[in-house]
Amino acid sequence: MILGIGGLCLIPLVLTLREPLRGATDGVASPVRSPTPPLAQAIKTLWSLRAFRHATFAGALIDFTLYATLNWNAPFYNRTFGLSGSDLAGHLALLSGVGSGIGVYFGGRIADQLARRDARWYLWTPALAAIIAVPCMCVQYFTPQSNVSLLAGYAPAALLSCFLAPLVASAQLLVPANLRAFTSAVLALVVGIVGLGLGPLVTGMLSDLFAAHYGLGQNSLRYAIVASAIPALWGAAHFIRAAHFLRDELANAVTTAARAEPRATVETCD
């Protein structure tokens, strides 16, 4: 609440900001303001991009696993190792904050470096990270030592966060400048609903199911969290599939932008 009040104090400053010209940083000789397409046309454009469709679903699935782990870590360590909230607070804050932050940063940096040779690395990087995260999750949730588990937890937190920067970057490259804000909104909506909305919920339901019908008792949450790794593998498959279409659709996006530039210049002169 205190931070929210601080944000409200910035409203007057935000109201003085000027809206940037879309495409001004794209290297276009004479960028001009282009109208935002109607909602139906914008949705149709995004749906026509197979790389975007697969990559968005992939990010949502990996986010499902990420939020399942982050939201259920505290109950897991309490039930399995008897650690209290005060014991866990610092560890889990670093695990989720630092671990995820490292994943977001280096996921983008590594993807940028590799994509200089082949643009498909924008999507291969998060796919590979998600696959590697699964055995790391098994170590975290099946080791009998709490300190080893907490240390191992940094790996899934980082690896499962690697998808964010490459996903956003590749999506922005696929669409024209006047669709980028809408594209970001669609990404946030889909990834948020599936990841944050369903990940913790379904994992909790699985834990209850395992405890009630399979006699797992206190271990039910352990197996439910590990089961949440299945969507991450599914997401990796969609990232790999998206990479199959990425180069051609990026080339089409560049061609479309190049064709639009002379027309924009003429309209400006008129």
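Student: Is Phe76 buried or exposed, and what puts it there?
Tutor: Keep in mind that this is a predicted model. Phe76 has 0% relative accessibility, so it counts as buried.

Student: And Tyr77, buried or exposed?
Tutor: Tyr77 counts as buried because its relative accessibility is 0%.

Student: How many aromatic pairs does the structure hold?
Tutor: Nine. One of them is Phe76 with Tyr77: the ring centres are 5.0 Å apart and the planes are at 70°, so that pair is edge-to-face.

Student: What about the rings of Phe76 and Tyr141, how are they arranged?
Tutor: Their centres are 4.9 Å apart with the planes at 75°, so Phe76 and Tyr141 are edge-to-face. That pair links distant parts of the chain, with Phe76 in helix 4 and Tyr141 in helix 6, 65 residues apart. Tyr141 is buried, as is Phe76.

Student: Which residues form the aromatic cluster?
Tutor: Phe76, Tyr77, Phe81 and Tyr141 make up one cluster.

Student: Which residues of helix 6 are buried?
Tutor: Among them are Tyr122, Leu123, Thr125, Pro126, Met137, Gln140 and Tyr141. Val134, where the kink lies, is buried too.

Student: Now helix 10. How many residues does it have, and what does it reach?
Tutor: Helix 10 covers residues 180-213, which is 34 residues, and reaches 47 Å between its first and last C-alpha, close to the 50 Å expected at 1.5 Å a residue.

Student: Where does its kink lie?
Tutor: At Leu198, shortly before the proline Pro200, and the kink is about 40°. Pro200 is buried, and the buried residues of helix 10 also include Thr183, Leu187, Val191, Gly199 and Phe210.

Student: What do those buried residues pack against?
Tutor: Helix 3 (39-48), helix 4 (50-81), helix 9 (164-174) and helix 11 (220-227).

Student: And just after helix 10, which residue takes a positive phi?
Tutor: Gly215, with a phi of about 65°.

Student: You mentioned helix 9. What is Gln172 in contact with?
Tutor: Gln172, which is found in helix 9, is in contact with Arg180, Thr183 and Ser184, leaving aside its neighbours within four places in sequence. At 18% relative accessibility, Gln172 counts as buried, because the cut-off is under 20%. Its C-alpha is separated by 9.6 Å from that of Phe52, 120 residues apart along the chain.

Student: Last thing, confidence. What does the pLDDT average over the protein chain?
Tutor: It averages 90, and 91% of the residues score at least 70.

Student: Where is the pLDDT below 50?
Tutor: Over residues 264-270, a stretch with four contacts in the model beyond near neighbours in sequence. Where pLDDT is low, the predicted coordinates should not be read in detail.

Notes: Residues are numbered from 1 along each chain as its sequence is written. This is a predicted model: local features need pLDDT of at least 70, side-chain atom pairs count only at pLDDT 80 or more; totals for chains, interfaces and linings use all residues. Side-chain values use heavy atoms; hydrogens and water are left out. Helices (H or I, at least four residues) and strands (E, at least two) are DSSP runs, numbered from the N terminus. The expected span of a helix is 1.5 Å times one less than its number of residues. The bend at a residue is the angle between axes fitted to the seven residues ending there and the seven starting there. Buried means under 20% relative accessible area, exposed over 50%, partly exposed in between (1.4 Å probe, protein chains only). Contact means heavy atoms within 4.5 Å. pLDDT is the predictor's confidence in each residue, from 0 to 100. Rings of Phe, Tyr and Trp (its six-membered ring) pair if their centres lie within 6.5 Å; planes under 30 degrees apart count as stacked, over 60 as edge-to-face and the rest as tilted.
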